[in-house]
Amino acid sequence: MKSRLSPAVNKIAPSGIRKFFDIAAKMQDVISLGVGEPDFVTPWTIRESCVYGLERGYTSYTANRGMLELREEIAAHLMRRFNLAADAEREILVTVGVSEALDVALRAVVSPGDEVLIPEPCYVSYAACTTLAGGVPVPVAAKIENEFRITPAELEPYVTDKTKVLLIGYPNNPTGATMPKEYLAALADFAKHHDLIVISDEIYGDLTYGGEHTCFAALPDMKERTILLNGFSKAYAMTGWRIGYAVGNEDIIAAMTKIHQYTMLCAPITAQIAAVEALKRGEKYKDKMVAEYDRRRRLIYDGFTKMGVECFEPKGAFYIFPHIASVGMDDNKFAEDLLRTEHVALVPGSAFGKSGKGYVRCSYATAIDKISEALNRIENFLQKRKP
């Protein structure tokens with residue numbers, strides 16, 4: 001039956017992340033540095049709002065675009081945080097996680113054959129969703145020498161008359177890279193010069209260390225050509241709630257809503273109620289979690305540095321991206337051998353694009369004692385392989 005499947009589906013490979021977790025699930029005493037998921041439970045006040053909503057019988061559909069109260073809270077948050085004005089009724093769509101927001105954004109703006117510039121390494125869904133939308137993903141390597149930041153000069157050679165979208169995700173998964181405002185401003189000029197739509201995935205925007213996050217849509221003249229994606233999974237430890245949102249030009253949001261209403265109809269009302277509470281009263285809990293991630297970040301960066309493993313200091317998200325090519329094995333073999341011999345799970349860098357080859361992604365969204373033990377095991381693994 002494979003020959004009768006959609007060619008677009010046949011083009012894409014299964015996620016390279018899952019293979020190692022399937023192996024790890026059958027093993028004992030595994031420490032996972034692979035899952036991009038907070039180890040915190042959703043704060044109680046957020047959970048309680050959902051329980052109270054259920055007790056009051058809030059179990060119905062909502063408007064396709066999401067509860068107006070939630071959209072108003074999102075608009076207020078964007079204005080308060082970034083001085084970005086967004087019309088709650090026409091410019092915001094509540095989605096089933098940022099993954100759905102990405103999917104419907106690409107399907108709304110990409111026509112068959114349109115090219116999408118995608119800086120790599122990047123989240124595994126970017127190229128796959130582009131392909132499923134009928135577009136052509138065009139990977140552009142970001143380099144460790146520039147802390148995995150992308151520049152117009154690096155993008156320029158890949159621009160053609162079919163280029164329509166620039167898809168960026170900063171703070172970055174898997175590298176932990178951030179983009180200072182001056183870098184983003186240069187990308188904004190690049191997008192205006194080539195008349196590109198920019199899809200900016202900012203799900204890790206609240207997880208920055210040592211510098212403020214800049215919202216791409218809030219840059220001068222960029223709101224109309226930017227589709228801003230964000231959500232609640234990472235900063236509020238709400239991964240399983242599956243709640244995200246998109247903000248953009250009202251015509252684009254209307255197009256996205258049409259796709260959304262025929263596929264998802266609406267995000268779950270319970271998750272929307274919880275998201276309202278997160279925006280109203282979740283800030284102090286979020287700040288505590290971010291402070292703890294920062295502590296773990298410094299521990300894991302220092303650990304790899306002391307081992308002599310090349311890696312730059314991540315400034316956002318909760319990932320570090322060590323360069324392990326000097327060990328003398330490729331990233332897939334490194335990850336598999338480490339898992340089987342030392343029981344530490346991490347993700348090969350090549351899962352995030354060709355430019356990730358020779359790297360591995362480690363998540364520090366796990367407890368300090370587990371990170372410390374994982375570092376000991378990794379060091380033991382490396383010592384055994386020294387000539």
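In helix α6 (residues 125-132), the residues S125, Y126, C129, T130 and T131 are buried (under 20% relative accessible area, where exposed means over 50% and partly exposed lies in between, with a 1.4 Å probe and protein chains only). Helices (H or I, at least four residues) and strands (E, at least two) are DSSP runs, numbered from the N terminus. The model is predicted, with local features needing pLDDT of at least 70 and side-chain atom pairs counting only at pLDDT 80 or more, while totals for chains, interfaces and linings use all residues. Residues are numbered from 1 along each chain as its sequence is written, and side-chain values use heavy atoms, with hydrogens and water left out.

What do the buried residues of α6 pack against? Their partners are the helices α1 (7-11) and α5 (97-109), together with the strands β3 (115-120), β4 (136-141), β5 (163-169) and β6 (197-201); contact here means heavy atoms within 4.5 Å. Just after α6, G134 takes a positive phi of about 95°. In the loop between β3 and α6 sits P121, which is joined to E120 by a cis peptide bond with omega of about 0°.

Another cis peptide bond links Y170 and P171, with omega of about -5°. P171 has its place in the loop between β5 and α8 (181-193). Strand β5 itself is joined to β6 by five bridges, and the two strands run parallel; strands count as paired if DSSP finds at least two bridges between them. Strands of a sheet pair through backbone hydrogen bonds, either parallel or antiparallel.

Strand β6 is largely enclosed by the rest of the structure, because five of its five residues are buried. I197, I199 and D201 point one way from β6, V198 and S200 point the other way, and all are buried. In a regular strand the side chains alternate between the two faces of the sheet.

D195, in the loop between α8 and β6, has a phi of about 55° and is exposed, with a relative accessible area of 57%. L265, in the loop between α9 (250-263) and α10, has a phi of about 70° and is partly exposed, at 30% relative accessible area.

How do α3 and α10 meet? The axes of helix α3 (residues 44-55) and helix α10 (residues 269-281) come within 8 Å and cross at roughly 140°; axes are lines fitted to C-alpha atoms, for helices over the stretch in contact, and angles run from 0 to 180 degrees between N-to-C directions. That angle makes α3 oblique to α10 (under 35 degrees counts as roughly parallel, over 145 as roughly antiparallel, 65 to 115 as roughly perpendicular and the rest as oblique). From α3 the contact is made by T45, I46, S49, C50, G53 and L54, and from α10 by T270, I273, A274, E277, A278 and R281.

Finally, an open sheet of three strands has the order β9-β12-β11, with antiparallel pairing. Its edge strands, β9 (319-320) and β11 (347-348), each pair on one side only. Two bridges join β9 to the antiparallel strand β12 (residues 360-363), where S363 is the bridge partner of Y319.
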